[in-house]
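Subject: Handing over a structure

Hi,

Here is the structure I promised to pass on. Have a look at it, and then read on for what turned up.

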Amino acid sequence: MNPALSGGATTGGMVGSGMGRGMRDRLIGVTVTVVKGSQKGYVGTIKDTNGPTARVELNTNNKVITIEKEKLYRRK
């Protein structure tokens, strides 16, 4: 059995702690509506963020677009 999964003594600390990967943006997975631009009115889910931009998978045709966060509105 894999010693990292057995729960025994490990030398690397906690298994799956995600150290060194950085913070995960809280907006990932959030449903949003596009409020500006050519895709205005479209609804989608944020898949990735990079600074002021976000990659949004549209619900209409499963197309992923890159758009500025300021052009998005979080749906409730």
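How many bridges join strand S1 (residues 31–34) to strand S2 (residues 43–50)? The answer is three, and the two strands run antiparallel. One spot to look at is Thr 31, which stands opposite Thr 45 in S2.

A word on the model before going further. It is predicted, so to speak of a local feature takes a pLDDT of at least 70 and side-chain atom pairs count only at pLDDT 80 or more, while totals for chains, interfaces and linings use all residues. Residues are numbered from 1 along each chain as its sequence is written, and side-chain values use heavy atoms, with hydrogens and water left out.

The overall layout

The protein has one helix and five strands; both are DSSP runs numbered from the N terminus, with helices being H or I of at least four residues and strands being E of at least two. Read from the N terminus, the order is α-β-β-β-β-β. Of the 76 residues, 18% count as buried, where buried means under 20% relative accessible area, exposed means over 50% and partly exposed is in between (1.4 Å probe, protein chains only). The protein exposes about 6,000 Å², by the Shrake-Rupley method with a 1.4 Å probe, and carbon and sulfur atoms supply 50% of that area.

The sheet

The five strands form an open sheet in the order S4-S3-S2-S1-S5, with antiparallel pairing; two strands pair if DSSP finds at least two bridges between them. At the edges are S4 (64–68) and S5, each pairing on one side only. On average, neighbouring strands are turned by 45° against each other, direction ignored (axes are lines fitted to C-alpha atoms, for helices over the stretch in contact, and angles run from 0 to 180 degrees between N-to-C directions). S1 is also joined to S5 (residues 72–74), again by three bridges and antiparallel, and there Val 34 stands opposite Leu 72.

Start with Val 32, in strand S1. Is Val 32 buried or exposed? Val 32 is buried, because its relative accessible area is 3%. Its bridge partner in S2 is Gly 44. Beyond its neighbours within four places in sequence, Val 32 is in contact (heavy atoms within 4.5 Å) with residues including Ile 46, Val 56, Leu 72 and Tyr 73.

Then try Lys 47, which lies in strand S2. Lys 47 is partly exposed, with a relative accessible area of 44%. Leaving aside neighbours within four places in sequence, its contacts are Ile 28, Arg 55 and Glu 57.

The core

Which residues make up the largest nonpolar core? There are ten: Val 30, Val 32, Val 34, Ile 46, Ala 54, Val 56, Leu 58, Ile 65, Ile 67 and Leu 72. Such a core is a set of buried Ala, Val, Leu, Ile, Met, Phe, Trp, Tyr and Cys residues joined through side-chain atoms within 4.5 Å. S1, S3 (53–58) and S4 each give two or more residues to it, and S3 gives the most, with three. As for Ile 67, its contacts outside four places in sequence include Val 34, Ala 54, Val 56 and Leu 72.

Over to you!
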